[in-house]
Amino acid sequence: FSFQIFYKNIYFKLHSFLLLFCIFVLSKYMIQKAFNKYIDNFRGFSREIWILTLITFINRAGTMVLPFLSLYLKEDLHFNLDQIGWILVSFGVGSMLGSWLGGKLSDKMGFYKIMIFSLFVSGLMLFTLQFITSYIGLLIAMFVIMTVADMFRPAMFVSLGAYAKPENRTRALTLVRLAINLGFAAGPALGGLIILNIGYKGLFWVDGASCVLAIIVFALLVKEKARSPYQDKEHPGEVLRASVFKDHVFWVFLAMCLITGILFFQLFTTIPIYHKEQFNLTELQTGLLLTLNGVLVFFLEMPIVSYIEKNNFNRLKIVVFGCLAMAISLFLMMVNFWAGILIVMMLFMTFGEMFAFPFANSFAMSRAPKGHEGRYMAIFTMSYSLAHILSAKTGMQLIENFGYQTNWFFMGSLGLVGVLLGIYALKLVKEEKKPVQKV
């Protein structure tokens, strides 16, 4: 009897061990396969694209003044909320002007010179910003610094068109967005440590140094290229027009992009305040929700973009779906009795972001005729600068006068308007592709 029990125990343990071993081997194989598939999404980029991604990460990780700017103005310089609001408006207006100038000058002088000028000079300006403490002085300083700093963005978008092959452009944009997200994730944490140990002044030194370091790396490792060999009449996707102002499809599309920007920037303006006032969430809990957004973008955006590109889905349709997901996320905020809705809302907003932003960049670039890429990308980036201003001002005003529920309903409805604009843009593109009948 004892022998039978002993035999059964050994038999059971042996089978259990073999089962666990098989599960371990299978899971390791599946994880390895999934990891290899994920890594495959990052293959095929040129050396220049990887360097651009690196300097974008260095620059974004160093941009730690921005998350703490309003706190710095209030806690260190003791400005009231109205003064802080106007300083942030001058920040946004400077960003818009810089985007326009950067695009226009990229077409005339080349993106390479504009990128080097923008990052190097804005880095030096950030060193001096800490010594400006008057209200008028900061209004002027923030406007000038952002004008110079945001000349970089359209020039960088044009550089992606020059250094990436047509089939890789959307993935290249996605790679740079990953670097931006990683930089923004690292920057605030590093900024918090600097404030605790050195104070707010340390932020300006590190931010300025990161700009200068990033552009030195770029200038040493990347050679100037006059224009992309892929952007000519022999390659499909180029829409040749006399002027950006005559491209009606682009302007309808731009209005939709403005709306997606307004909805997305609610994450950084009204929603953190709502977390505290409605659900009594701590700054850490709000931070974790924003981290969820960053983690999902990091792991899922590139595979999603690769899948969509491989299956040749219509880019404009994907942007429309992204706008719809964002609209749903804002409508979900009207559920104000269950904190779990904030996670669901964040999922919809994140997928909306992953659908809308990479393919919006790609579609905007595809509309640009040869030699006008900078102008198109300037106006495109200006729409998001304007969205940043409108999102904060409109949202705060609606909440102050009518409450949070009205704001969420308004923003969700605005998202549906964006969807209708996207559908109209799709119709215009379809009509544009119809052959012209000769009389």
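1. S122 is buried, at 2% relative accessible area. Buried here means under 20% relative accessible area, exposed over 50%, and partly exposed in between, with a 1.4 Å probe and protein chains only. The model is predicted: local features need pLDDT of at least 70, side-chain atom pairs count only at pLDDT 80 or more, and totals for chains, interfaces and linings use all residues. Numbering runs from 1 along each chain as its sequence is written, and side-chain values use heavy atoms, with hydrogens and water left out.

2. S122 sits in helix α5, residues 111–129. Helices (H or I, at least four residues) and strands (E, at least two) are DSSP runs, numbered from the N terminus. A polar atom of the S122 side chain lies 3.2 Å from the backbone oxygen of L119. Beyond residues up to four places away in sequence, S122 touches F117, V148, A149 and C211. Contact means heavy atoms within 4.5 Å.

3. How do α5 and α9 pack? Helix α9 covers residues 201–221, and its axis is 7 Å from that of α5, at an angle of about 160 degrees. Axes are lines fitted to C-alpha atoms, for helices over the stretch in contact; angles run from 0 to 180 degrees between N-to-C directions. The two helices, α5 and α9, are therefore roughly antiparallel. The cut-offs: under 35 degrees is roughly parallel, over 145 roughly antiparallel, 65 to 115 roughly perpendicular, and the rest oblique. The crossing of α5 and α9 is left-handed. A crossing is left-handed if the near helix is turned anticlockwise from the far one by less than a right angle, and right-handed if clockwise.

4. Who makes the contact of α5 with α9? On the α5 side, the residues are Y112, M115, I116, L119, F120, S122, G123, L126, F127 and L129. On the α9 side, they are F204, W205, D207, G208, A209, C211, V212, A214, I215, F218 and A219. By class, this contact of α5 with α9 has 17 nonpolar, three polar and one charged. Ala, Val, Leu, Ile, Met, Phe, Trp, Tyr, Cys and Pro count as nonpolar; Asp, Glu, Lys and Arg as charged; the others, Gly among them, as polar.

5. Next, α15 (residues 373–402) and α16 (residues 404–432). Their axes come within 7 Å and cross at roughly 140 degrees. That makes α15 oblique to α16. The crossing of α15 with α16 is right-handed. From α15, the contact uses S391, T394, G395, L398, I399 and F402; from α16, Y404, T406, N407, F410 and M411. The classes in the contact of α15 with α16 are six nonpolar, five polar and no charged residues.

6. T350 belongs to helix α14, residues 341–367. T350 counts as buried, at 0% relative accessibility. Setting aside neighbours within four places in sequence, T350 contacts N293, L296 and V297. The side chains of T350 and N293 make a polar contact at 3.0 Å. A polar contact is a pair of N or O atoms within 3.5 Å; within protein, one must be able to donate a hydrogen and the other to accept it, and residues adjacent in sequence count only if both atoms are side-chain atoms.

7. I328 lies in helix α13, residues 315–332. I328 is partly exposed, at 32% relative accessible area. C-alpha to C-alpha, I328 and G352 are 9.3 Å apart in space and 24 residues apart in sequence.

8. The protein chain has 16 helices and zero strands. Of its 439 residues, 49% count as buried.
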